[in-house]
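Colleague: I would like to learn how to read a structure. Could we go through one together, feature by feature?

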Amino acid sequence: MSLLTNVMDHSLDDGYAEAAARKRTDGAGGMPRTVGAKLVLAAGLVLAALVVTVGAVQARVAAPVVAKEREELIDRIDRETDAADTLEGTVDKLRDDVSTRQREALEHSGGGKRTDLVGILAGAVEVHGPGVKLVVDDAKEATSGVGDGPRETAGFSDTGRVRDRDMQRVVNGLWASGAEAVSINGQRLTALSAIRAAGQAILVDNKPLVPPYTVLAVGDGKNLSTRFQDSADGLYLNALQENYGIRTAISVVDDVRLPAAPSVIVRTAQPRTEKDAS
């Protein structure tokens, strides 16, 4: 009981009590005692207040200018965006006009059904028919930010991200399995199409695409699906799914609709005539 009584009566350690007494005696821990020290402290407070006041005034003065510049920049972006949309619409109209004139010229030249077949195979006309729908997407871990590197062709898909090399094999596998027309995310492929990577995007004919990649192929739907899945490229895609989490889904569709290619331009090749054959 004597120990408890001592603790209750002397709650503050003797050493702490002595130190507190010395501070009070020396005047430490309070306001500066000398006039010079007080003047220095006052000057410091005035300087700090002056800096804060000047900063606030400058921010208030600059705010309208920054806001005006921001509004002007937004207006300029909107105008340029509208102009780009208008030009894109004009390009689409001219492209459609060129395609129409090409078809009319071929029909007048006596091409007939052969002209239609050439247009389908070249990707110059819209097509529809039975086929397959193949969706290829990055792994879930990649979409959460784990794999955010470029989609270059080197290496394998160990990051869980679909590479341009993977899409090249998918498309080539569909062609080899009997596809008659193929598109990726609405972008029609032709004999001149290129699938490449640029940073984090896959380009199809220089148009950037984002996952998931929806591949539509016109062909004998069920047989096309079976042949592709049994092919080397189909097995390659299955390996990506099992080993790296690439998500894939293939289904047979009764009526697949593919748009015409944006631009089908031949600069070098020329048709072979009877005169050339002789």
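Colleague: Is Tyr244 buried or exposed, or does it count as something in between?

Modeller: The general idea first: buried means under 20% relative accessible area, exposed means over 50%, and partly exposed lies in between (1.4 Å probe, protein chains only). Tyr244 has 29% relative accessibility, so it counts as partly exposed. Tyr244 sits in helix α8. Its C-alpha atom is separated by 7.4 Å from that of Thr159, 85 residues apart along the chain.

Colleague: What should I know about the model and its numbering?

Modeller: This is a predicted model, where local features need pLDDT of at least 70, side-chain atom pairs count only at pLDDT 80 or more, and totals for chains, interfaces and linings use all residues. Residues are numbered from 1 along each chain as its sequence is written, and side-chain values use heavy atoms, with hydrogens and water left out.

Colleague: Where is confidence lowest, and where is it highest?

Modeller: pLDDT is the predictor's confidence in each residue, from 0 to 100. The chain averages 79, and 71% of the residues score at least 70. Confidence is lowest in helix α1 (residues 2-9), at a mean of 58. It is highest in β7, at 95.

Colleague: How many helices and strands are there in the chain?

Modeller: Both are DSSP runs, numbered from the N terminus: helices are H or I with at least four residues, strands are E with at least two. The chain has 9 helices and 8 strands. Of its 278 residues, 23% are buried.

Colleague: Which residues of α6 and α8 meet?

Modeller: Contact means heavy atoms within 4.5 Å. From α6 come Arg165, Asp166, Arg169, Val170, Asn172 and Gly173. From α8 come Ala232, Asp233, Tyr236, Leu237 and Leu240. These contact residues divide into 5 nonpolar, 2 polar and 4 charged. Here Ala, Val, Leu, Ile, Met, Phe, Trp, Tyr, Cys and Pro count as nonpolar, Asp, Glu, Lys and Arg as charged, and the others, Gly among them, as polar.

Colleague: At what angle do the axes of α6 and α8 cross?

Modeller: Axes are lines fitted to C-alpha atoms, for helices over the stretch in contact, and angles run from 0 to 180 degrees between N-to-C directions. The axes of α6 (residues 164-176) and α8 (residues 232-244) cross at roughly 145 degrees. They come within 8 Å.

Colleague: Which residues does Trp175 touch?

Modeller: Leave out residues up to four places away in sequence, and Trp175 touches Glu180, Ala181, Val182 and Leu189. Trp175 lies in helix α6. It is partly exposed, at a relative accessible area of 33%.

Colleague: Where is Ser183, and is it buried or exposed?

Modeller: Ser183 is in strand β2 (residues 181-184). Its relative accessible area is 1%, so Ser183 is buried. Beyond four places away in sequence, Ser183 touches Arg188, Leu189, Thr214, Val215, Leu216 and Leu258.

Colleague: What is the phi of Asp205, and what is that of Asn206?

Modeller: Asp205 is not a glycine, yet its phi is positive, about 55 degrees. Asn206 is also a residue other than glycine, with a positive phi near 65 degrees. Asp205 is found in the loop between β5 (201-204) and β6, and Asn206 lies in the loop between β5 and β6. Asp205 is partly exposed at 29%, whereas Asn206 is exposed at 62%.

Colleague: Which residues does a cis peptide bond join?

Modeller: It joins Pro211 and Pro212, with omega about 0 degrees. Pro212 lies in the loop between β6 (207-209) and β7 (213-218).
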